[in-house]
Amino acid sequence: MTTWLTIGILFTFAAIAFVIYRWGNVECIGVTPVRTFTFIAILFTSGLDVGLIMFPLTEFAGYADLGASPEYGFTNPLAIEFGFWAFLIWAFYFLTCFYFCVIEPRVKFFEIPLIKFINNLVIIGTCAFTAYLLLTNLPWYLPEMGDGETIVSSFYLIVFVIIAAAVYSSTSIRYVRLLSLASTWLFLGLIVLMWAGAFMSEESGMGEFVNTFALLGDYFGNIHHFVLPINDYHEFYLFWWFAWSIMIGQFTARFVGGMKTYQVLIAMMVFPSLPIAVWFTVLYYYSANEIATTGFYNLAMVMVGITFVVNSLDSLIRLYTDNLNLTVERFGKVKYIVGNIVLMSSLTLLFQLNFLEIQWVGALAIGLILGCFGYIFATKYSKVAAIERSPTENKIDFSKIELAN
């Protein structure tokens with residue numbers, strides 16, 4: 001699996017370099033373009049899930065334990081966490097977003113029945129894994145509802161309600177903008193809330209925050225360490241990012257509103273990384289100084305995490321139902337809602353039973369990416385080589401999102 005992952009990573013970065021060299025100044029226009037801030041909000045909230053909120057506090061101590069994991073010794077725990085979640089790996093999303101915006105309309109690789117089937121297996125599997133992550137982390141963040149370790153019936157009910165809410169919101173694309181902007185503002189509000197809670201309670205104040213934030217500089221000094229897997233846990237993260245990459249690219253490509261290709265790359269790597277950097281800095285300060293987050297802060301993190309999950313599931317459910325023609329228009333709202341709730345709930349339980357692993361899903365995604373390249377090289381080379389612009393039918397019209405179903 002490590003060799004397969006390494007091939008996928010090296011190919012992805014080589015392809016990104018070629019795209020920037022060949023089409024760096026092409027204006028990217030999706031089928032439902034939105035303004036830049038809305039695009040970034042959609043990208044950020046669709047491309048991340050509850051793990052961003054819930055994982056760091058449970059992981060910093062492991063990255064600091066060099067006795068158990070000496071491979072982390074090249075930098076500090078904050079830089080490790082940032083490297084697993086931000087900057088360089090967002091380039092995965094850029095490659096697939098550009099592909100689905102500019103190249104796929106000419107190639108139609110993902111319209112091939114077998115490829116469409118495999119792609120939707122990846123989407124559905126990752127969708128269920130998102131709900132599973134929330135389920136497994138609730139005991140740590142809501143110990144008041146259990147013993148802090150066991151998944152109790154209340155947690156299953158919470159996840160079921162969240163799945164139902166996401167399925168309902170996926171019935172209309174008009175909810176995308178509302179959910180994405182709400183998730184973004186709630187996340188920024190959570191950062192401010194927890195920053196104030198940490199640094200207003202400490203005599204050191206802003207100076208200590210700046211000193212903690214400066215630790216992130218080690219990431220950029222050691223960025224080469226994050227390209228290939230550091231260990232099995234980093235490998236898990238990288239497979240997870242590959243599992244997301246195709247579907248997030250496919251989903252966000254429709255919303256690109258006229259940025260040039262190089263600007264899309266910068267936007268995707270930089271803008272989501274800024275709030276992640278501040279958020280992880282705040283959480284690391286809590287962890288390093290043993291400031292308790294129990295009670296109100298944990299509840300606030302869970303609420304924002306739930307919003308992220310609803311937003312992510314909404315995007316992914318809409319994507320696979322559109323791809324498979326399992327739409328509201330075809331089956332009606334009731335059958336659509338019931339069918340997707342049953343599917344997502346069942347697959348979430350399969351992850352809980354360790355029947356499925358996200359690494360398998362990521363490996364499938366790498367296979368699709370490499371297969372797409374092979375298909376283009378063998379059958380569509382001249383057509384792709386001639387591309388000089390986005391599809392002519394795509395126009396910059398920001399009112400389309402308001403008229404979409």
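Helices here are DSSP runs of H or I with at least four residues, numbered from the N terminus. I am working on a predicted model.

**Entry 1: positive phi**

I looked up Lys-108 in the loop between helix 6 (91–107) and helix 7 (113–141). Its phi is positive, about 60°, although Lys-108 is not a glycine. I noted this because most residues other than glycine have a negative phi. Lys-108 is partly exposed, at a relative accessible area of 47%.

I then went to Glu-290, which sits in the loop between helix 14 (273–288) and helix 15 (296–323). Phi of Glu-290 is near 55°, again a positive value in a residue other than glycine. With a relative accessible area of 73%, Glu-290 is exposed.

I also wrote down Phe-87, which follows helix 5 and has a positive phi near 55°.

**Entry 2: helix 5**

How many of the residues of helix 5 (residues 77–85) are buried? I find 9 of the 9, so helix 5 is largely enclosed by the rest of the structure. The buried residues include Glu-81, as well as Pro-77, Phe-82 and Trp-85. For burial I used the cut-off of under 20% relative accessible area.

Which helices do the buried residues of helix 5 pack against? I listed helix 3 (51–54), helix 4 (56–64), helix 10 (206–213), helix 11 (217–221), helix 12 (232–253) and helix 14.

At the N-terminal end of helix 5 I checked the cap, which is Asn-76. A side-chain oxygen of Asn-76 lies 3.1 Å from the backbone nitrogen of Leu-78.

**Entry 3: helix 4 against helix 5**

I took the axes of helix 4 and helix 5, which are 9 Å apart, with a packing angle of about 125°. That angle makes helix 4 oblique to helix 5. I recorded the crossing of these two helices as right-handed. On the helix 4 side, the residues that meet helix 5 are Pro-56, Glu-59, Phe-60, Tyr-63 and Ala-64. Their counterparts in helix 5 are Pro-77, Leu-78, Ile-80, Glu-81, Phe-84 and Trp-85.

**Entry 4: helix 7 against helix 15**

I looked up the axes of helix 7 and helix 15, which come within 10 Å and cross at roughly 165°. Helix 7 is therefore roughly antiparallel to helix 15, since angles over 145 degrees count as such. I recorded this crossing as left-handed. Helix 7 contributes a list of contact residues, among them Lys-116, Asn-119, Ile-123, Cys-127, Leu-134 and Tyr-141. From helix 15 I noted several, including Asn-298, Met-301, Val-309, Leu-316 and Tyr-320.

**Entry 5: aromatic pairs**

I found a total of 53 aromatic pairs in the structure. I opened the pair of Phe-18 and Trp-23, whose ring centres are 5.8 Å apart. Their planes stand at 90°, so the pair is edge-to-face; the cut-off for that class is over 60 degrees. Are the two residues of this pair buried or exposed? Phe-18 is partly exposed, with a relative accessible area of 47%, whereas Trp-23 is buried at 4%.

Another edge-to-face pair is Phe-377 and Tyr-381, with 6.0 Å from centre to centre and 70° between the planes. Both residues belong to helix 18 (residues 358–385). Phe-377 and Tyr-381 are 4 residues apart, which means a separation of about one helical turn. I noted Phe-377 as exposed, and Tyr-381 too.

Conventions
Residues are numbered from 1 along each chain as its sequence is written. This is a predicted model: local features need pLDDT of at least 70, side-chain atom pairs count only at pLDDT 80 or more; totals for chains, interfaces and linings use all residues. Side-chain values use heavy atoms; hydrogens and water are left out. Rings of Phe, Tyr and Trp (its six-membered ring) pair if their centres lie within 6.5 Å; planes under 30 degrees apart count as stacked, over 60 as edge-to-face and the rest as tilted. Buried means under 20% relative accessible area, exposed over 50%, partly exposed in between (1.4 Å probe, protein chains only). Contact means heavy atoms within 4.5 Å. A polar contact is a pair of N or O atoms within 3.5 Å; within protein, one must be able to donate a hydrogen and the other to accept it, and residues adjacent in sequence count only if both atoms are side-chain atoms. Axes are lines fitted to C-alpha atoms, for helices over the stretch in contact, and angles run from 0 to 180 degrees between N-to-C directions. Angles under 35 degrees count as roughly parallel, over 145 as roughly antiparallel, 65 to 115 as roughly perpendicular and the rest as oblique. A crossing is left-handed if the near helix is turned anticlockwise from the far one by less than a right angle, and right-handed if clockwise.
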